[in-house]
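Visitor: Could you walk me through this model, one kind of feature at a time? I would like to learn how to read each one.

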Amino acid sequence: MSTVASTSTPPRGRGAAKPAGRSGGPSDRLRAWAARGPLLPALVFLILVTQLPFVATLVISLFKWNAYYPDERSFTGFANYQEVLSEPALRDSVLTTVLLTVTVVLVSLVLGLGLALLLDRSFAGRGIVRTMLIAPFLVVPIAAALLWKHVLYNPEYGLFNGLLHWVFGDGAAQPDWIAEMPLGAVEAALVWQWTPFMMLILLAGLQSRPADAIEAARIDGASAWQIFRYLTLPHLRRYLELGALLGSVYVVQNFDAVYTITSGGLGTANLPYTIYQTFYQGHEYGRASAAGVLVVIGSLIIATFALRVVSSLFREESAA
């Protein structure tokens, strides 16, 4: 009996487990802070380079501040925001930004989906083709814009007009692409650069499809279109949403292509370029800061939806 009692009673000492529900002591808290310690320098750096400049911009947006008249600086509250929202040039730039973003994102998604469907098949040299298709996304944005402006669009020595001359001879039309289709020229450059990004996201979604469901559909006699319509496309819905949201976050803030290709002329000035003009050419610091804050708020709203889509993707993957 004594042996049974001794084995059934848990020993008490240093190795004994702590009772459930009791909070950790000071040593546990010290260990937790020691684990977080290496992250503190990165957190401080992130606050210094992102949050403090944003707070400064927010404060400046509440002042009437023109660099040409520094002595007339005064607090105006939300007057700059009212002026920004009522300014015709800004309203036009908002419409241009929306049109540019919607066009680039939708076309990039469609082209990226087509390329992802092709790369999802097995063929010789698929790795080389995939690497070549990814390359445009790795080009520096300002370099990509210069490439399109001078190598492709130039009416005298550009590749597009050279191809027209080579195909149709001396009487071929030699259009000035940027002057005749300015917004389309910017959109084409951005689509070229963002299609590989969409392709990568959708290709990852295609490779995560349940193979047994696809095989069962083929055995039941489903056509390729029916498999795509009723199995592949619903599975890619979250990936399409993620690509659209992440692409929108970038294109809304795009400045390089507009500045390099058209310099904001011919109706291509989007919101970031208008802020640039207000700040560096008009020297209206308060008004430019207010417009910048509005852009940040819009980008945060889009990014919030993107993070929710990402978290839902992770939940679906873990549930599967």
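Guide: Happy to! Let's begin with burial: a residue counts as buried under 20% relative accessible area, as exposed over 50%, and as partly exposed in between. Take Arg 209, whose relative accessible area is 22%, so this residue is partly exposed. Please keep in mind that this is a predicted model.

Visitor: What share of the protein's residues count as buried?

Guide: Of its 320 residues, 31% count as buried. The protein exposes about 19900 Å², and carbon and sulfur atoms supply 67% of that area. As for secondary structure, there are 16 helices and 2 strands.

Visitor: Let's go back to Arg 209. Which residue does its side chain meet in a salt bridge?

Guide: First the general idea: side chains of opposite charge can pair when their charged atoms come close. Here Arg 209 pairs with Asp 120, at 2.7 Å from N to O. The two sit in distant parts of the chain, 89 residues apart: Arg 209 is in the loop between H10 and helix H11 (211-219), and Asp 120 is in the loop between H5 and H6. Asp 120 is partly exposed, at 23% relative accessibility.

Visitor: How many salt bridges does the structure hold?

Guide: The structure holds 6. Another one of them joins Arg 287 to Glu 87, with the closest N and O atoms 4.0 Å apart. Arg 287 belongs to helix H16 (residues 285-319), while Glu 87 lies in the loop between helix H4 (79-86) and helix H5 (88-119), so this bridge ties together parts that are 200 residues apart in sequence.

Visitor: Are those two partners buried or exposed, or in between?

Guide: Arg 287 has a relative accessible area of 18%, which makes it buried. Glu 87 comes out at 22% and is partly exposed.

Visitor: Now the aromatic rings. How many aromatic pairs are there?

Guide: There are 19 aromatic pairs. To read one, look at the angle between the ring planes: over 60 degrees counts as edge-to-face. For Phe 137 and Trp 194 the planes are at 70 degrees and the centres 5.4 Å apart, so the pair is edge-to-face. Phe 137 is in helix H6 (residues 126-138) and Trp 194 in helix H10 (residues 182-207), so the pair ties together parts 57 residues apart in sequence. Phe 137 is partly exposed, at 30%, whereas Trp 194 is buried, at 9%.

Visitor: And how are the rings of Tyr 259 and Tyr 276 arranged?

Guide: Their planes are at 80 degrees and their centres 5.7 Å apart, so this pair is edge-to-face too. Tyr 259 comes from helix H14 (residues 256-262) and Tyr 276 from helix H15 (residues 271-281), 17 residues apart. Rings can also gather in groups: Trp 148, Tyr 153, Phe 160, Trp 177 and Trp 192 form one aromatic cluster.

Visitor: Which charged residue lies over the face of Trp 65?

Guide: That is Arg 73, at 4.7 Å from the ring centre. Likewise, the charged end of Arg 229 sits over the ring of Tyr 230, 5.1 Å from its centre.

Visitor: Where should I look for nonpolar side chains on the surface?

Guide: Look at the patch that includes Trp 33, Leu 40, Phe 45 and Leu 52; the whole patch has about 960 Å² of accessible area. Its largest share, 9 residues, comes from helix H3 (residues 40-60). Leu 52, in helix H3, is partly exposed at 45%.

Visitor: May I end with Ile 261: is this residue buried or exposed?

Guide: Ile 261 is buried, at 3% relative accessibility. This residue is found in helix H14. Leaving aside residues up to four places away in sequence, Ile 261 touches Ala 145, Lys 149, Ile 178, Ala 185, Val 186 and Ala 189.

How values were computed
Residues numbered from 1 in each chain as written. Heavy atoms only, no water. Phe/Tyr/Trp six-rings, centres within 6.5 Å; stacked < 30°, edge-to-face > 60°. Helix = DSSP H or I, 4+ residues; strand = E, 2+ residues; numbered from the N terminus. Buried < 20%, exposed > 50% of the residue type's maximum accessible area, 1.4 Å probe, protein only. Lys NZ or Arg CZ within 6 Å of the ring centre and 35° of its normal. Patch = residues over 30% accessible without salt bridge, like charges linked within 9 Å, V, L, I, M, F, W, Y side chains within 5 Å. Areas by Shrake-Rupley, 256 points an atom, 1.4 Å probe, with all protein chains shown as cover. Contact = heavy atoms within 4.5 Å.
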